[in-house]
Protein chains: 2
Amino acid sequence: MTVETSGAYTLTVGEVAAAGGVAASAVRFYEQHGVIHAERTAGDQRRFDDSAACRIRVAKVAQRVGLTVREIAEIFDRLPEQPRPEDWGQVAETLIREAEERTAALRSYLSQLRSGGRLCEM
Amino acid sequence: MTVETSGAYTLTVGEVAAAGGVAASAVRFYEQHGVIHAERTAGDQRRFDDSAACRIRVAKVAQRVGLTVREIAEIFDRLPEQPRPEDWGQVAETLIREAEERTAALRSYLSQLRSGGRLCEM
DNA sequence: CTCGGCCTTCAACATTGGTTGAAGTCAAGC
DNA sequence: GCTTGACTTCAACCAATGTTGAAGGCCGAG
């Protein structure tokens, strides 16, 4: 019987945009692409829950390590309806693992070139 | 008085494309954007040196960790005219450092969220 | 010297990740 | 209940990263 702040779809596009540090157009874009989810009011306006701004901030950082919006949305999609902290922990681990694998590929390729005697033409 | 294989601009677009594992159009694109450099024949055809295919392969892997073509070109541009192995080592370190910084930013942001008690809405 | 294959440029198209503007609708305060 | 600011959709546009196709030019083998 508490005031249910979590899971409540109360935030407008503008509020999420401000909280997420992006433009309102970007919030709509992320919703269209499944990074965040919204319910609609009777008047067809989007309402987001608290996770939206956070998801957007995570997405922005994840994009910097080369993940696409589609990939990020897919990772978020693995969350259950009522995610528990450990579900989010899984998401975090997946993102970091992906970033590390890509860095490892880069490192591996570069060191392979160097051990070949020269990096590129030398 | 040796046969000068390094630094010789002898390879065509098609040869570099095959060696780099990309399409010819991509080779021209990378040249336009400064990732690789070409001389021109009297008939205005591009001729590349041995480094071209290698630069392209490195660029492809670097793109996977979120670096843009522009950023990659800028890193390659720091190479002197006649790069020595250690100059390429610098490039490799720069690329890896950049990838690691981005991964660290991701990791830092995620752990900060988690230590805040919850990741996103929880 | 000619032929065929690879090269040239240029413009159009595709995809990703958005932004901007027009035209109209919703909702909250007065 | 009206006004005003924030919301809606839609289409156009942007930049990055290429691909594709047309129209034509270069070059090396015979």
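Which elements of chain B cover the buried residues of α2(B)? The cover includes α1 (13-20), β1 (39-40), β2 (46-47), α3 and α4 of chain B. Contact here means heavy atoms within 4.5 Å, and helices (H or I, at least four residues) and strands (E, at least two) are DSSP runs numbered from the N terminus.

This is a predicted model, in which local features need pLDDT of at least 70 and side-chain atom pairs count only at pLDDT 80 or more, while totals for chains, interfaces and linings use all residues. Residues are numbered from 1 along each chain as its sequence is written, chains are lettered from A and ligands numbered from 1 in the order in which they are written, and side-chain values use heavy atoms, with hydrogens and water left out.

**Helix α2 of chain B**

The buried residues of α2(B) are B:V27, B:Y30 and B:E31, where buried means under 20% relative accessible area, exposed over 50% and partly exposed in between (1.4 Å probe, protein chains only). Because these residues cover an arc of only 100° around the axis, they lie on the same side of α2(B); the arc is that of the directions from the helix axis to the C-beta atoms. An α-helix has 3.6 residues a turn, so residues three or four places apart point the same way. B:S25 and B:Q32 are exposed on the other side of α2(B). Just after this helix, B:G34 takes a positive phi of about 80°.

**DNA strand D**

DNA strand D is surrounded by 21 residues, the closest being A:T12, A:G14, A:R46, B:S25 and B:Q63; a residue is near a strand or molecule if one of its heavy atoms lies within 4 Å of it. Sugar and phosphate make up 87% of the atoms of DNA strand D that come within 4 Å of the protein.

**DNA strand C**

Of the 20 residues around DNA strand C, A:S25, A:Q63, B:T12, B:G14 and B:R46 come nearest. α2(A) contributes the largest share of the surface near DNA strand C, with four residues. That surface divides into six nonpolar, nine polar and five charged residues.

| Residue | Protein atom | DNA strand | Distance |
|---|---|---|---|
| A:R28 | side chain | D | 2.9 Å |
| B:Q63 | side chain | D | 2.6 Å |
| A:V69 | backbone | C | 3.0 Å |
| B:G14 | backbone | C | 2.7 Å |
| B:R28 | side chain | C | 2.9 Å |

A:R46, one of the residues closest to DNA strand D, is found in strand β2 (residues 46-47) of chain A. A:R46 counts as buried because its relative accessibility is 17%. Its side chain makes a polar contact (a pair of N or O atoms within 3.5 Å; within protein, one must be able to donate a hydrogen and the other to accept it, and residues adjacent in sequence count only if both atoms are side-chain atoms) with the side chain of A:E31, at 2.7 Å.

The UniProt annotation "domain: HTH merR-type", from an unreviewed entry, covers residues 10-78 of chain A. Over residues 10-78, chain A is 58% helix and 6% strand, and the end C-alpha atoms are 23 Å apart.

Key. UniProt positions renumbered as here; feature names shortened; annotations may be inferred. Nonpolar A, V, L, I, M, F, W, Y, C, P; charged D, E, K, R; others polar.
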